[in-house]
Amino acid sequence: MNGALSYVAERDVVAAEYCPEGERRSFETCFAELVPEAARSILENVSQWGLKELWLGVAPGNHSRWNHTKGALTIALWWYHHLNRHLTSQGLAKDCLRQLGLKEGAEDALRKLVLLAVALHDIGHLPFAHLLGEVLESINWVPEGKGLSGLEQEVLEARLKEHFQGLWNKLGSELSCNPDSVQAAVTDLISGRHGLPWAQAIVNSPIDADKLDYVQRDSEFLRSHTSIAGGRLPPTGKEQKAQWLTEFFAEQQVNHAGMLCLSGRSAVLAADLMRDRIYLYDRFYLSPEIRAIERMAFELIQQFLIRAVMSERFSQTATAGTSSDHSLESTSTLGRRMEAEDAVGDIRKLKCGLVAHILMHLASRRRTSLMEFTVLEHMYEMLKNEDSVDAGVRDLWQQCFDQLWRLKERKVSISELAKRVLVREPLVLKRRQYDLALEILRPLQHVYARQALIDLVKLPRALGGGGRWRGRTARKVDEVDWNILVPEGPISRWGAGSKACRPLTDEAVRELERPYARVLVVAPFGSDVHSEYIWDRVRAALLEGGVELVRRARRA
Amino acid sequence: MFVLGAGVSYGIVPLLKDIGAWFVQQLPNDDQHKKAHSLAQNLATGKASRGEVAELFSLLQSEKKESREIWRRFSEAFLLGSDPKITMGEQGQTPFDGLLKANPSEGHGRLATLAANHAAWILSLNFDGLTVKALIEGGAAGVALHSAEDVRRYFSTLDAPKRVPAVIKVRGDVFYARCDNSLCPAAAAEQALDRLMRDPAQSDLRCPSCHEGQLLLQFLFPGFRSKEEAAYPILWEARGFLGPRVSAIIIVGLSGRWDRYLLEFLFDWAREREVPVLDVKPNGEDAKVIESFWQTYFKGRVNFHFINATAEEWLPEFCRKFDWKNP
């Protein structure tokens, strides 16, 4: 395809070719056919970054999960078209169908299945994006995930069942199979656990359509609104995107075993994508400025959820007037739910399910582009009336919310606030010592609950997303699923002419890794001599506990 | 994914106890062979421990002249069906015509159909090569992958003209052949038996490499640890590529008595992928070994089902259910 065509024109060309009847249709028409209306109503008011847009002083506006979904689907449509053309020319398309137990002629239904999975890939997200998952993880309320985080998986499965049953029935009849199997296939694709490697690479893998879109989309948003991530962001703009994607697809093929093979330029651009993604995490999503602010929101969300799930009295107040559904009041605490189900079962799953239930109700009553902040505001309103809590802790909550509110109202900028609340510099440790550090810091946080918040975050692996396998026999293995082939040698030597010949593994991209975790001390009342003492205690506790700090702490 | 044990080839290829019975008949019961004779007796009656079987094969493959002669006769009987023949079955009533002439059973044929239809992957502990033979006879090409490198090359090949189904061979207690001409390169390398089975008219054990020397059978019966160490690389490699493609692990004709490492590996795989494990074999002496392993270590974490049937009985029914025919 001609890279000089505009991005919009490109996607329309692909969309037209996608039409089974060969008629010309715009991308929007194809999109509307593919994506059920329910997806729009779920995703439209969920911002792409949770609360981060507000911290930058910008209303999320178009930077929503819904628009990201459309972007990812555009890319997937184009990508699928490219690979399918290759599969057909190589005579491998039939093999793919057979492998899935589908009959000949089901090509169109398979395409729908894959594209639908991309369209619904974010359906498991609740307000606050990944921050919510972190909150639950820190209190051990996340059931063992199947691929996605436990919470996202829970919500995904519930929503796919609740909102899209008609779709599964329709696709089931097209494919002559059980609608439950269609739903299971889409769930597996979204969770990164499907057995068709090249399709899995498009939907959920270290280089999937989701990442291709969000790295570009977020870079564009950052470039327009802040200088926080510095100048090394990937190129944006419609023509550049089209050019980039054209090159990225150019040397891709699917081999006889269904593996997506990246040779030459395709491999180089895949490496660039992984590099850019890690850069965004390091310099923006998990940067100390952002984390300092998010840690305050984290505290409010966590304290609210603990009470909403565990205390019947709190729960009744917290959810009053938010739902016309009385079942929420009657089963929204752990005790009630256990009585109702007459069994304990997996307690983490139960708690996680309750959190999802509560948040979906809170969010459903606030359908605005600032939905997440209004939910946060509601949480704080409930917490501030908690008279059984120590006054010092309540003061800290108030201070957290005040700071966040000032930021949202643009009375202060993120850099000014971060400067005020961040205590000294971050403490950096090896990622493999994250769990050890977490256990060391947990009791310290309790000791200083009235004065400061301690934040611990690890940078993600270079190969994010996709399914990972965790073997425990003879040796422990934690490795991404092998769906993609890349050239031999270190990533820096991939280049023109290099042929795909080995699986994309953690080892293959070792050069890209930033295997670190960071500890921050956040003082909502402002950094002072007391909070510096806490910082010093944190550092000493980590060192005493055997954590090796990567950089020696120095006074700013 | 199917995991095949010796039971799949029951009645076509001799079991270890049939081989034990042959040695009981062939080994002179004198002082020199007393030890080997008694060990062979235990093997024939199913009473031998793994250590005893290892000792027996070590004695039989020693460099002593008498041992070499007996082993040579065994090699010919095993591969070519020469006299004195090895016999199979409970009463020793079925003469074995040699591995090179052995034909796949209906069970092998069904498995080959599944593999050719891209509906199943096959992991085999058998040295007989009958599933690959069934693939070839069924009209589809088939390859046996004997090492982790073979597996990686198979899945990572870029320009294969078409997909050829593969059988992944897990190295267990395995027969290999080696050329007795010390100048031949094949004298240093182990030849997998399934690679010798291409020519049904083959009438002697001539080395395919030098055509001068004779192939001498080698039996690798390592201790538990060496066996595990030899098997893990190919198992992990297979798991890397097949992990998400497996929807059930179906063990057919494997007692599991001497393959605890494999059971642990397979159940761990099933746990990680949340797929069920099925154990297909007829009720008998070792029928509950795998179930007992599951109950001790994986109950509540992996779904397990025991199916009381032979491969011959169960596989056609399984294929019929899914309407898989020859491609």
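1. In chain A, an open sheet is built from 3 strands that follow one another in the order β3-β9-β4, and the pairing within this sheet is antiparallel; strands here are DSSP runs of E with at least two residues, helices are runs of H or I with at least four residues, and both are numbered from the N terminus. Two strands are taken to pair if DSSP finds at least two bridges between them. The edges are held by β3 (422-430) and β4 (453-458) of chain A, each of which has a single partner strand, so one side of each is left without a neighbour in the sheet. From one strand to the next the twist averages 20°, where axes are lines fitted to C-alpha atoms, for helices over the stretch in contact, and angles run from 0 to 180 degrees between N-to-C directions.

2. On the basis of the note: this is a predicted model, in which local features need pLDDT of at least 70 and side-chain atom pairs count only at pLDDT 80 or more, while totals for chains, interfaces and linings use all residues. Residues are numbered from 1 along each chain as its sequence is written, chains are lettered from A and ligands numbered from 1 in the order in which they are written, and side-chain values use heavy atoms, with hydrogens and water left out.

3. Returning to the sheet of the opening point, β3(A) and strand β9 (residues 516-522) of chain A run antiparallel and are joined by 6 bridges; Leu422(A) stands opposite Val522(A) in β9(A). Helix α23 (residues 414-421) of chain A lies across β3 and β9 of chain A at about 85° to β3(A), whereas helix α25 (residues 529-544) of chain A, which packs on the sheet and touches β3, β4 and β9 of chain A, has a direction that makes about 10° with that of β3(A). Contact in this note means heavy atoms within 4.5 Å.

4. Two backbone details deserve a look. Arg424(A), whose place is in strand β3 of chain A, has a positive phi of about 50° although it is not a glycine. In chain B, a cis peptide bond with omega of about -10° joins Asp83(B) and Pro84(B), and Pro84(B) is found in the loop between α4 (65-80) and β2 (87-88) of chain B. Most residues other than glycine have a negative phi, and most peptide bonds are trans.

5. A further open sheet has 4 strands in the order β1-β2-β7-β8 (chain A), with mixed pairing. Its edge strands are β1 (252-254) and β8 (500-503) of chain A, each pairing on one side only, and neighbouring strands are turned by 35° against each other on average, direction ignored. β1(A) pairs in the antiparallel sense with strand β2 (residues 260-262) of chain A over 3 bridges, and the bridge partner of Gln253(A) is Cys261(A) in β2(A). Helix α5 (residues 65-90) of chain A packs on this sheet, where it touches β1 and β2 of chain A, and its direction makes about 55° with that of β1(A). A helix of chain B packs on the sheet as well: α7(B) touches β7 (484-487) and β8 of chain A, and its direction makes about 125° with that of β8(A).

6. As to the interface, 30 residues of chain B are in contact with 33 residues of chain A. The area buried between chain B and chain A is about 3000 Å², with carbon and sulfur atoms giving 51% of it; buried area is the accessible area (1.4 Å probe) that two parts lose on being put together, summed over both. In chain B, Leu158(B), Trp236(B) and Arg245(B) lose the most area to chain A, together 24% of what that side buries.

7. Across this interface the rule finds 1 salt bridge, a salt bridge being a side-chain nitrogen of Lys or Arg within 4 Å of a carboxyl oxygen of Asp or Glu. In a salt bridge between the chains, the side chains of Asp481(A) and Arg273(B) meet at 2.5 Å, N to O. Over all chains, the count by this rule comes to 44 salt bridges.
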